[in-house]
Amino acid sequence: MRFDIACFLCCCRSFLSSRQSEGESFYDLLNVDRHATQDELKRAYKRQSLQMHPDKLAQRGRTVTAADRDRFTRMRNAYEVLSDPRRRETYDAIGERGMKWMEDPLSIDPQELAHNFATSSILDRSKIFAIFLAIYVAVFLLPILVCLMADGTFGGAKWVAVLAPLWCWDVFITFYHARVILMGPIKRPEHIPEEEWVDPLPMKKRVSALVRFVFLVSFQILLALKMDGIIAFPWWVVFIPLYFWEAMALKKKISLTMIQIVTHAELELAIGKSFAACDASEKEDIHRRFILVPAKSGPVYDSACRIKAEAKMDLVRILARVAFTILMVMNLELGKEWSWWIVFIPIFVMVMCIIGSAFQNWVDVQAEAAKRDPSLFDPNADVEQGYAQMDENKNNDDDEPLTDEEKEELKAKVAQAAYRV
């Protein structure tokens with residue numbers, strides 16, 4: 001069994017449905033044995049096609065139903081899967097549903113996952129809890145080991161050994177990046193028209209994420225070797241991979257802060273044709289330069305604005321980290337012997353910017369909510385405004401009172417902004 005399938009089964013078996021709940025198997029559809037050869041599969045497919053094809057059924061005088069067409073389509077899909085040795089191995093191990101989740105992660109139904117987990121065996125559910133427990137232990141174990149090492153508790157221990165939990169994380173994340181790259185293009189969900197579909201994880205983005213992670217791991221290795229005295233590189237050389245790692249993130253965040261939020265009508269006016277008329281490369285370029293929204297208001301527009309706002313704050317974080325590392329390298333390499341309070345000034349500034357931005361966002365959201373619904377914070381506001389509100393309504397007949405759903409949405413926005421503070 002392939003390593004990725006074994007890992008998937010070990011971690012996620014509790015989320016997979018039983019074979020009985022998947023209905024007729026691919027082997028039953030083709031009427032072959034599970035150990036059938038490729039030649040036997042090919043002959044079985046031709047034989048079943050003659051029996052199940054809608055045109056053949058119509059020639060025999062049978063009324064073709066939607067169920068007949070669906071069964072023929074599923075039989076053809078069964079042959080496509082079983083004739084591919086790699087996909088057949090995946091199907092034999094985790095079934096039709098599990099294979100679809102591996103090939104098309106967007107098809108995962110959270111409710112189905114929850115139902116499968118609730119009806120799975122105690123052993124499979126225990127594996128999930130054990131995995132989460134191991135993750136929590138690994139997260140908290142690393143800083144504890146670093147503190148003990150810095151205090152000299154481990155005596156002559158090496159940093160390479162103390163950072164063992166970090167190396168385990170790196171191996172796990174490297175496997176994840178490799179799996180994402182080997183996954184291939186994400187298939188278009190059935191509910192999205194083909195002309196509007198753009199792969200959310202193009203290969204360029206996947207490779208870029210792996211390269212960025214390699215820079216981070218390179219920095220970790222160089223740092224551990226430098227602290228153990230195994231290499232004599234200057235500190236600025238040790239931090240070079242980290243600067244490349246930050247530079248790649250900086251480039252991405254700058255492009256996000258400069259992206260424009262436009263409606264489909266505005267986009268068509270800007271590029272001279274509709275989004276549906278663009279080819280794949282043009283659509284990819286559009287998604288780099290624009291965020292398409294149905295209107296300049298509503299949840300989709302608010303989500304796009306949050307993406308830009310979070311990108312700006314990420315930009316502040318990256319610049320603060322870069323300034324901090326530069327000051328730290330200067331303090332270590334040039335023997336400046338500055339106070340560490342000075343070295344940490346960029347971090348203090350970053351924290352103040354984050355807090356100030358979150359507070360300002362909360363004030364703005366609260367003011368907008370109070371403007372749209374004065375009774376949200378003062379139940380008597382609508383009574384106190386009285387005739388002034390009536391005069392305003394006369395001057396603006398297009399305004400309609402907020403529905404209960406819109407009021408709940410306003411409350412959720414205010415609560416989310418307050419939570420960020």
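The legends below describe close-up views of a predicted model.

Residues are numbered from 1 along each chain as its sequence is written, and side-chain values use heavy atoms, leaving out hydrogens and water. Local features need pLDDT of at least 70 and side-chain atom pairs count only at pLDDT 80 or more, while totals for chains, interfaces and linings use all residues.

**View 1. The largest nonpolar core has 17 residues.** A nonpolar core is a set of buried Ala, Val, Leu, Ile, Met, Phe, Trp, Tyr and Cys residues joined through side-chain atoms within 4.5 Å, where buried means under 20% relative accessible area, exposed over 50% and partly exposed in between (1.4 Å probe, protein chains only). Among the residues with the most contacts inside this core are Phe 26, Leu 30 and Met 75. Two or more residues each come from α2 (26–30), α3 (38–52), α5 (66–82) and α6 (85–103), and α5 gives the most, with 6 residues; helices (H or I, at least four residues) are DSSP runs, numbered from the N terminus.

**View 2. Asp 92 and Arg 34 form a salt bridge.** The term stands for a side-chain nitrogen of Lys or Arg within 4 Å of a carboxyl oxygen of Asp or Glu, and here the closest N and O atoms are 3.5 Å apart. Because Asp 92 lies in helix α6 and Arg 34 in the loop between α2 and α3, the pair ties together parts that are 58 residues apart in sequence. Asp 92 is partly exposed, with a relative accessible area of 30%, and Arg 34 is also partly exposed, at 39%.

**View 3. Lys 253, Asp 314 and Arg 317 are linked in a network of salt bridges.** Between Arg 317 and Asp 314 the closest N and O atoms are 2.6 Å apart, and these two residues, 3 residues apart in helix α16 (residues 299–333), are separated by about one helical turn. Arg 317 counts as partly exposed at 28% relative accessibility, as does Asp 314 at 22%.

**View 4. A nonpolar patch on the surface includes Trp 340, Phe 344 and Met 352.** Patches are made of residues with over 30% relative accessible area and no salt bridge, like charges being joined within 9 Å and nonpolar side chains (Val, Leu, Ile, Met, Phe, Trp, Tyr) within 5 Å. Together the patch residues have about 900 Å² of accessible area, a value from the Shrake-Rupley method with a 1.4 Å probe, in which only the protein chains shown count as cover for residues. The largest share, 4 residues, comes from α18. Met 352 is found in helix α18 and is exposed, with a relative accessible area of 56%.
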